[in-house]
Amino acid sequence: MPINSFLYPGAKVTTGYDVANSVRLNRGDSPYFQRTPSSASNRRTWTWSGWIKRSNLGTIQTLFNGSDGSYPEIFYFNSDDTFIYHHDISGSDYKLISSQVFRDVSAWYHIVVAKDTTQSTETNRLKVYVNGSQITMNESALGYPPQDYQGAININDVHIVGNWKTNSYYIDGYLTEVAFIDGTQLDATSFGEFDSDSPTIWKPIDISGLTFGTNGFYLDFEDSSALGNDVSGNNNDYTPNNLSATDQSTDTCTNNFATLNPLLDVNATPTFTEGNLVFQGTGSTNFVGATIPVSSGKWYVEVKATTVNGSYPIIGVIDSQSYKRRDSTYFVGSDVNTSNPSGFAVFSNGDIYHNGDNNFSDLTTTYTSGDIIGMALDMDASPNTLGFYKNGSLEVTINLDTAPSGSYMFASSIHSSTSSAKGEFNFGNPTFSISSGNSDANGYGNFEYSVPSGYYSLCTKNLAEFG
C-alpha cells in the first residue's frame, strides 16, 4: 500500500481508538527523555514504535538511541529528510538509509523500527515501517548488521528519546504513543491498522495489551506532571529534560490540529517555534498561513500578541492560494491585487487590511502585547464573515470577498521594520498557559475565552463533521 498518513488535513476518518495527548518538542529548548536500564536485556531483538508530527525539516532529528560508551545505536531523520538507522562503531558502521524523504509537516507519521539479528536473511534483521507499510532501506557502508550481532540498544547505559547522546540533534515536532518492545520483532500491525472504509489510511490501535519485556516501555504523555511516565506496567519511566506541563498537547494521531505551515514560504524566512504555533519575524516577512485551509464550516482560533512592535503582528485570514513562494511568485486570483496577499487582517492600531488596503475597516480599540485576538470565521454564511474578538469581546464582524481559491486559511504577518513582533497561535492546542479553559461544543480544544456558539476548533475530528 502507498505511504499515507492518517489524519492528513481534511481527513474524513474517525477512529475507534482515541489518543488523548502528545508531547510538543521545541528544538530550541533542547528537549528529550532519558533512562538508564539497571541491566542489559535482549540486544539482538526488539521493536520501537512511535507517532511523530514533524515541525522543522532539513535538520538531523533523533527518535531513539542507546549507547555503548561513545558509540550509539540510533535512528533519526537526516538533514536531507531521509530516515536512517545507524550503529556507529569505531571502524565498523552499520547503516541503512530510506529511499524516500519525509517532508509533510501537516500530518502524523507512524514509524516502526523492528530488529532481529538472529534472522539468517539480512534484510529481515532490520525492518522499518511507515504508516503501516514496510519501506525500502538502502545499504550504506557495511549495511545490515551481521547475524546474531548485539547492538547498543537495550544495554545498561543511557537510552534517549528525542536526542543523540553526544550531539544536539533534538526533535522539533510532536510525539505520541512511543513504545519499546524488549525481546520481540513485531510488524506495524501490532500498533495500527488500515481503516476499513478508507484502506490507504493508517490509524493507531490500543497497544496496552502487548508484552513489553524487561526494558520495554510505553509513553502516552497523558500525565502532564510526569510526561515520561511509563504505562506499560514495567514502570520504566523516562526522565523529561527541558519540558514542562505546557508541552503536553491534544494534537495527536487521532485528532490532528492545524498549525502554521513553514512550507508556505514568504519573502524572508520567519522563525517558527513550539510546534509551528509561535511565529516571529526575522526581516521582511509576508503572510504565513495554516496547514488546514477551510472552504466550509465555522471555525474559531485565538492568537496571543506576545510582542507587539509598531502595528505588528497583524492577524487574520488569507486566500489559500495567496501566498508567496521562494521565487517571489504570488498565488492569487485574477481579480485581486497581485502585489499583496488576498485576505483580511487586523493591525494592532485597529486598522483592518484588505488586499493591500490598510484602511478597509477598523476595530473599536487597539491591541497590545499580551492581548488575545480571537477570530471566528464563518465559511457557510453568504457572504463569508470574519469576527474579530479582543480578550473575549467581539470588536467587529466583516463581510469577506469570495476567496479566489474557494478557501481561506488563518494567517499572520510581520513587517521588516518590526521583526521582533511575535504571535502565538492557539488552534485549540495552546503553547501558553490557559487560565480558564474553554472547549468547543464537541469538547475539543482549549481556549482562554468562550468559543462563540456554533464555531469549532480547527482539527480533523471537527473537519470530519463540518468541513
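How much space lies in the largest pocket? The largest pocket holds about 410 Å³ of space.

## Basis of the model

This is a predicted model, in which local features need pLDDT of at least 70 and side-chain atom pairs count only at pLDDT 80 or more, while totals for chains, interfaces and linings use all residues. Residues are numbered from 1 along each chain as its sequence is written, and side-chain values use heavy atoms, with hydrogens and water left out.

## The largest pocket

A pocket is found on a 1 Å grid over the protein atoms alone, as an open set of points where a 1.4 Å probe fits, with protein on both sides within 12 Å along at least five of seven lines. Its volume is the space filled by probe spheres set on the points, which are joined across faces, edges and corners. Lining residues have an atom within 4 Å of a point.

The lining of the largest pocket has 23 residues, and Asn21, Gln248, Ser249, Thr250 and Asn446 lie nearest the centre. By type, the lining has eight nonpolar, 13 polar and two charged residues. Here Ala, Val, Leu, Ile, Met, Phe, Trp, Tyr, Cys and Pro count as nonpolar, Asp, Glu, Lys and Arg as charged, and the others, Gly among them, as polar.

## Overall fold

The protein has 31 strands and one helix. Both are DSSP runs numbered from the N terminus: helices are H or I with at least four residues, strands are E with at least two.

Of the 467 residues, 58% count as buried, meaning under 20% relative accessible area with a 1.4 Å probe and protein chains only. Contact means heavy atoms within 4.5 Å. Among contacts between residues at least 6 apart in sequence, 68% join residues at least 24 apart.

## Nonpolar cores

A nonpolar core is a set of buried Ala, Val, Leu, Ile, Met, Phe, Trp, Tyr and Cys residues joined through side-chain atoms within 4.5 Å. The largest one has 66 residues, and Leu377, Phe388, Phe410, Phe427 and Leu458 touch the most other members. Strand β30 (residues 408-414) gives the most to this core, with five residues.

Beyond its neighbours within four places in sequence, Phe410 is in contact with residues including Trp299, Met375, Leu377, Phe427 and Leu458. Another core, of 35 residues, lies apart from the largest one; Trp46, Phe77, Tyr109 and Val178 are among its members.

## Buried loop residues

Gly350 sits in the loop between β24 (343-346) and β25 (351-354). With a relative accessible area of 2%, Gly350 is buried. Not counting residues up to four places away in sequence, Gly350 touches Ser361, Asp362, Leu363, Thr365 and Thr366. Gly350 and Tyr367 are 17 residues apart in sequence, and their C-alpha atoms are 7.2 Å apart.

Two other residues have a positive phi without being glycine: Asn131, at about 50 degrees, and Phe221, near 60 degrees. Asn131 is in the loop between β9 (126-130) and β10 (133-134), and is buried at a relative accessible area of 1%. Phe221 is in the loop between β16 (217-219) and β17 (239-241), and counts as buried at 0% relative accessibility.

## Cis peptide bonds

The bond from Tyr312 to Pro313 is cis, with omega near 5 degrees. Pro313 belongs to the loop between β22 (298-307) and β23 (314-319).

The bond from Ser382 to Pro383 is also cis, with omega near 0 degrees. Pro383 belongs to the loop between β27 (372-378) and β28 (385-390).

Key
Buried means under 20% relative accessible area, exposed over 50%, partly exposed in between (1.4 Å probe, protein chains only).
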